[in-house]
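Thank you all for making the time this morning.

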Amino acid sequence: MSLALNVDSLRYRYQQKWVLDNVNLQLEQGQFYALLGPNGAGKSTLFNLLCQLLQTRDGAIDVAGHSTLKAPRKALAALGIVFQQSTLDLDLTVQQNLEYHASLHGMSSKASKAAIERELARFELIDRKKDSVRSLNGGHRRRVEIARALLHDPAILLLDEASVGLDMPTRDSINQHIRGLCESRGITVLSSTHLVDEVLPEDHLILLHQGKILLDKPCQQALDDEQVGGVKSLYRNLTTSGEAA
Amino acid sequence: MKSWILPAMMMAASPAMADIAYVSNEKDDTLTLIDTDALEVLQTIDVGMRPRGIIFSHDYKYLYICASDSDAVQVLDVATNKIIHNLPSGEDPEQFALHPNNHHLYIANEDDAVVTVVDTEKRDVVAQIDVGVEPEGMAASPDGKWVINTSETTNMLHWIDASTQELVDNTLVDQRPRHVEFTKDGKTVWSSSEIGGTVSIVDVASKAITHTINFKIPGVHRDKIQPVGVKLTNNGKYAFVALGPANHVAVVDAKTYEVLDYLLVGRRVWMLEFANDQKLLLTTNGVSGDVSVIDTDDLKVIKTLKVGRYPWGVAVKP
Amino acid sequence: MKYWVAFKGIVIREMWRFWHQKARLVSALVRPLLWLVVFAAGFRAALGIAIIPPYDTYITYDVYIMPGLAGIILLFNGMQSSLSMVYDREMGSMKILLTSPLPRPFLLVSKLVAGAIISLLQAYAFFLIAWLLGIEVPLMGYVYAAPALLITALMLGALGLLLSSFIKQLENFAGVMNFVVFPMFFLSSALYPLWKLKESNEWLYWVSAYNPFTHGVELIRFALYESWNPTATWVTLVTTVVFCGVAIWGYDPKRGMQQKKKPSK
């Protein structure tokens, strides 16, 4: 089975400092991966490299089998991204925002309409289709962004701190939606967060700390191996420098 | 009163041969000939010294030219464009008028305060009439009854009875009257006052001023508004007034005497003449040395052509 | 086909955004109209001695500055578009554009063309109002002006894109605008004919003659009067291509701004 994402010996330097240091990842199809790390760990840099906003020749990235160096456009086409900051046009309607994104992926108007209906239905936003984004609350906006990222049917969905700034019930709802995606669509999800309590024991946990991968295994297994009760303790044990989570 | 259609190039309505405009160039001692269809200069002809007033004989066989410094009126044969002879004129002839009878030429002699009447066929002086100081403008009424002369310093219109060649009456107008023009029906005279900055409308029957037109151009100082040449359309619709250093031609409604528009032309616009069946109006712009062409339907200046130095008068042969 | 869909999508988005910011249209028009009315009223008299092509006769000042004011609309909108790109970058919308699987140069050029189309609409709105104020050009001139306006708008938009690549923050951009926009406008043939500049100061004349904005304005002026100015056309075309090239190169994440940006926390 081909990997949804294969990162090989990835290193990235910024101003004399290695922001990412020998990162290796193999993500399989249809799985949910939680990427945990404090601020400054290099999560966003990793995401920027995956979606080619940054470039490096130090290591290789293959998205759904397409190399970002040799087939960069195919690699991008297989990705869906939700950025940490909102990237919606506030003045436009939900539908207009989605149509724009679909056109950027070369989707015909027929395909785009169908995809928009499908995703908005999934996220229960059909009745907000014609509303201006400005009138939506934070939670709804996030859902729109996730719906948008899925329009072109990507193999892998990247979420950069998707639930930041949202209240508890909204966060739970969003997280539920996201985890459901893997099951229903067979899509691979890589969701990054700095909040320990966002990681569930059934997730596959990847721990990123100061540019290095400290852990890459199913969360429950990690808890058992380290003989700790919660992810927080797991985190503390592994990060010897004692930085707070 | 603006038309909505903007012609890029003026095409004569009638497919007949183009009119030719003859322009006298005061400083170059030449005439410039212009094709009024193509709006191009055709040729330049040498004439006498300081050519100013020019008019055609009523059959367009001859062109009479006031060659002021040569103290003569030159006669140009239109067929050959050559000067064939001179006519006696008195000293320093500037403007003149040809009586409807086609052989009496009334010439204003600026320095001598007289009007000299010359017979063009016999080529001799018929009469000399004493008028006011510095006579300049001349016009003959369409019915041949009157010839009017303006005297610049005495600010008067002098009415000359054409049958007796006698000065019969005078009308006081505004300062420095330079030019007079009869309407087609001969009932009214338009007279421009250069320093006064006005145009006076005079009733021929009563010889009294019935109306005075004032001019005001935004952005142009009133001292610069010095009306000189006046031309009226045959249909009684418009009157055009050249405003000298104001660099504009005023468009006046000939019935209501209301100024409708001011058209920008070259510098120190002096005299005017129609061409192409009154569809075009040509203006001589003394200081800038060019002739501007105005479309009289659209009331727009369509072109300005370079001619000789200090163009003074213009006459058009259909 | 994919390219056409994406191009259409980018243009439509710009138009929607412009539609939602009607205040932008009004302010874009108020500036040049104010100039037209105020300056023109002051300089009613003829424009000096020489009659320069493409004019056939003497013109009033308001007629002369019309193409220049159309040019300033394009200039301001070009800068405005790039300002919105800096904003987009800060707000994140640019990321959506840049993570499209289509080639980056194509995306950026599409964005430029979209901006140029908006500029064009603003210019025509200006022409309409000028026409109502009594300043007209030959009818076909309005048609011929379209390609002239488009090329000039592209050139100025590309300049904006170029500048935005090297500006990091919204606040800095305003300053750059003052150092670029106003000198470009004043040292050109927009407000006074070049021969008049030459009379007063040789240096001013040379700077203005080499200013690509001058050539854009002259291109528009000649087109409006149904004429063609070859020099202006070539200079504008070449400058557009050069500006576009440098701007797109500047947007490449290997160089330019993106790399200098600190990785977000």
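Let me start with chain C, where the UniProt annotation "transmembrane region", which comes from an unreviewed entry, covers residues 33–52, 64–87, 108–133, 139–163, 175–195 and 231–251. UniProt positions are given here in the numbering of this model, feature names are shortened, and such annotations may be inferred rather than shown by experiment. Please keep in mind that this is a predicted model, in which local features need pLDDT of at least 70 and side-chain atom pairs count only at pLDDT 80 or more, while totals for chains, interfaces and linings use all residues. As for labels, residues are numbered from 1 along each chain as its sequence is written, and chains are lettered from A and ligands numbered from 1 in the order in which they are written.

Two of the annotated spans can be set beside the computed secondary structure. Residues 108–133 of chain C are 96% helix and 0% strand, with the end C-alpha atoms 38 Å apart, and residues 139–163 of chain C are 100% helix and 0% strand, with the end C-alpha atoms 36 Å apart. Chain C as a whole comes to 12 helices and 0 strands, where helices (H or I, at least four residues) and strands (E, at least two) are DSSP runs numbered from the N terminus. Of the 265 residues of chain C, 46% count as buried, a term that asks for 20 or more other C-beta atoms within 10 Å of the residue's own, with exposed meaning 12 or fewer, partly exposed lying in between, and the C-beta atoms placed from the backbone. Within chain C, 79% of the contacts with a separation of 6 or more are between residues 24 or more positions apart, a contact being two residues whose C-beta atoms, placed from the backbone, lie within 7 Å.

Now to the way the chains meet. Which chains have the most contacts between them, among the 2 pairs that touch? Those are chains A and C, whereas chain A and chain B do not touch, their nearest C-alpha atoms being 41 Å apart. Between chains A and C, 25 residues of chain C are in contact with 33 residues of chain A. On the chain C side, helix 1 (2–20) and helix 4 (93–98) are the elements that give two or more residues, and helix 1 of chain C gives the most, with 9 residues. By class, that side has 10 nonpolar, 8 polar and 7 charged residues, where Ala, Val, Leu, Ile, Met, Phe, Trp, Tyr, Cys and Pro count as nonpolar, Asp, Glu, Lys and Arg as charged, and the others, Gly among them, as polar.

Helix 3 of chain A is followed by G106(A), whose phi is positive, near 70 degrees.

Chain A is divided, by an automatic or database domain assignment, into domain 1 (1–78 + 155–245) and domain 2 (79–153), and the C-alpha centres of these domains lie 24 Å apart. Their contact takes 22 residues from domain 1 of chain A and 15 residues from domain 2 of chain A. On the domain 1 side, strand 7 of chain A gives the most, with 5 residues, and by class that side has 15 nonpolar, 5 polar and 2 charged residues.

Finally, chain B. Here 4 strands form an open sheet in the order 4-5-6-7, with antiparallel pairing, two strands counting as paired if DSSP finds at least two bridges between them. Strand 4 (51–56) and strand 7 (82–87) of chain B stand at the edges with a single partner strand each, so one side of each is left without a neighbour in the sheet. Strand 6 (residues 72–77) of chain B is joined to strand 7 of chain B by 5 bridges, and Q74(B) stands opposite N86(B) in strand 7.

Elsewhere in chain B, L263(B) is found in strand 23 (residues 259–264). Is L263(B) buried or exposed? L263(B) counts as buried because it has 22 C-beta neighbours inside 10 Å.
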